[in-house]
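Subject: Handover of a structure and its analysis

Dear colleague,

Please find the structure for your review below.

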Amino acid sequence: MSSNLKIPFLSLILIVIILGCSDKKTKPIPENPYLKELTEKQIGETNYYISIPKKYTIKENRGPDFSVYYFYPTDTTATAAFSGGFYFGNHPSQFGPSSDSCKTEKIKRKILNKTADWTVYNCKDIYSIQSIVESGSNEGWNQYIHAFANANSAADLKKVFLIMETMKKKEPNKQPK
């Protein structure tokens with residue numbers, strides 16, 4: 001092979017290798033279809049938002065230096081497959097299991113776009129979860145968020161974690177001067 005043909009031949013091999021490798025891109029993880037059943041709602045008057053089922057509501061209970069928000073079905077006569085809430089304040093505390101026979105597990109799941117440590121209590125296939133995270137707020141009164149929820153089955157527990165993963169903070173719209 002002449003030296004004039006070696007360079008184009010090597011270039012052709014390199015191009016084939018590069019193109020062959022580019023087809024092996026990792027496919028994005030498909031979005032969970034359950035997320036389409038949710039609607040984004042503001043958590044009280046905070047800058048935090050979460051996507052919950054359309055037939056759910058958020059209620060606030062205010063304390064002297066904290067707020068607790070609960071999400072649950074709008075129809076309070078309906079049996080809730082799951083419910084949950086958030087404590088916003090500077091002194092969160094974790095709750096214990098409802099019974100000594102509950103199994104406790106620690107897992108990592110996302111909230112506020114960060115991986116957090118969650119405590120899961122499994123009490124005869126009725127689940128309670130909770131996590132305490134820094135709020136990222138510099139308002140002074142709500143340094144922490146204690147997220148918690150209950151679910152009546154493993155399938156509902158998965159839904160609750162998907163809901164918790166949708167929580168985000170939005171910056172307020174700044175008005176031009």
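What share of the contacts in the chain with a separation of 6 or more comes from residues 24 or more positions apart? That share is 48%, where contact means heavy atoms within 4.5 Å.

Please note that this is a predicted model, in which local features need pLDDT of at least 70 and side-chain atom pairs count only at pLDDT 80 or more, while totals for chains, interfaces and linings use all residues. Residues are numbered from 1 along each chain as its sequence is written, and side-chain values use heavy atoms, with hydrogens and water left out.

Overall composition

The chain contains two helices and ten strands; these are DSSP runs numbered from the N terminus, helices being H or I of at least four residues and strands E of at least two. Read from the N terminus, the elements follow the order α-β-β-β-β-β-β-β-β-β-α-β. Of the 177 residues, 33% are buried, meaning under 20% relative accessible area with a 1.4 Å probe, protein chains only (exposed is over 50%, partly exposed in between). The chain exposes about 11,900 Å², of which carbon and sulfur atoms supply 55%; the areas come from the Shrake-Rupley method with a 1.4 Å probe, and for residues only the protein chains shown count as cover.

The seven-stranded sheet

Seven strands form an open sheet in the order β3-β4-β5-β9-β8-β7-β6, with antiparallel pairing; two strands pair if DSSP finds at least two bridges between them. Its edge strands, β3 (56-62) and β6 (103-111), each pair on one side only. From one strand to the next, the twist averages 20°. Helix α2 (residues 154-165) packs on this sheet, touching β4 (67-73), β5 (82-89), β6, β7, β8 (127-134) and β9 (144-151), and its direction makes about 155° with that of β9. Axes here are lines fitted to C-alpha atoms, for helices over the stretch in contact, and angles run from 0 to 180 degrees between N-to-C directions.

Within the sheet, β5 is largely enclosed by the rest of the structure, because seven of its eight residues are buried. Five bridges link β5 to β4 in the antiparallel sense, with F71 opposite G84. Eight bridges join β5 to β9, also antiparallel, and F82 stands opposite A151 there.

The three-stranded sheet

A further open sheet has the order β1-β2-β10, with antiparallel pairing. Its edge strands are β1 (38-42) and β10 (168-169), each pairing on one side only. α2 packs on this sheet too, touching β1 and β2, and its direction makes about 150° with that of β2.

The twelve residues of α2 should span 16 Å at 1.5 Å a residue, and its end C-alpha atoms are 17 Å apart, which agrees; the expected span is 1.5 Å times one less than the number of residues.

The largest nonpolar core has 31 residues, among which F86, I111, M164 and M167 touch the most other members. Such a core is a set of buried Ala, Val, Leu, Ile, Met, Phe, Trp, Tyr and Cys residues joined through side-chain atoms within 4.5 Å. Its largest share, six residues, comes from α2. Not counting residues up to four places away in sequence, M164 touches residues including I50, F71, F86, I111, W118 and F148.

Yours sincerely
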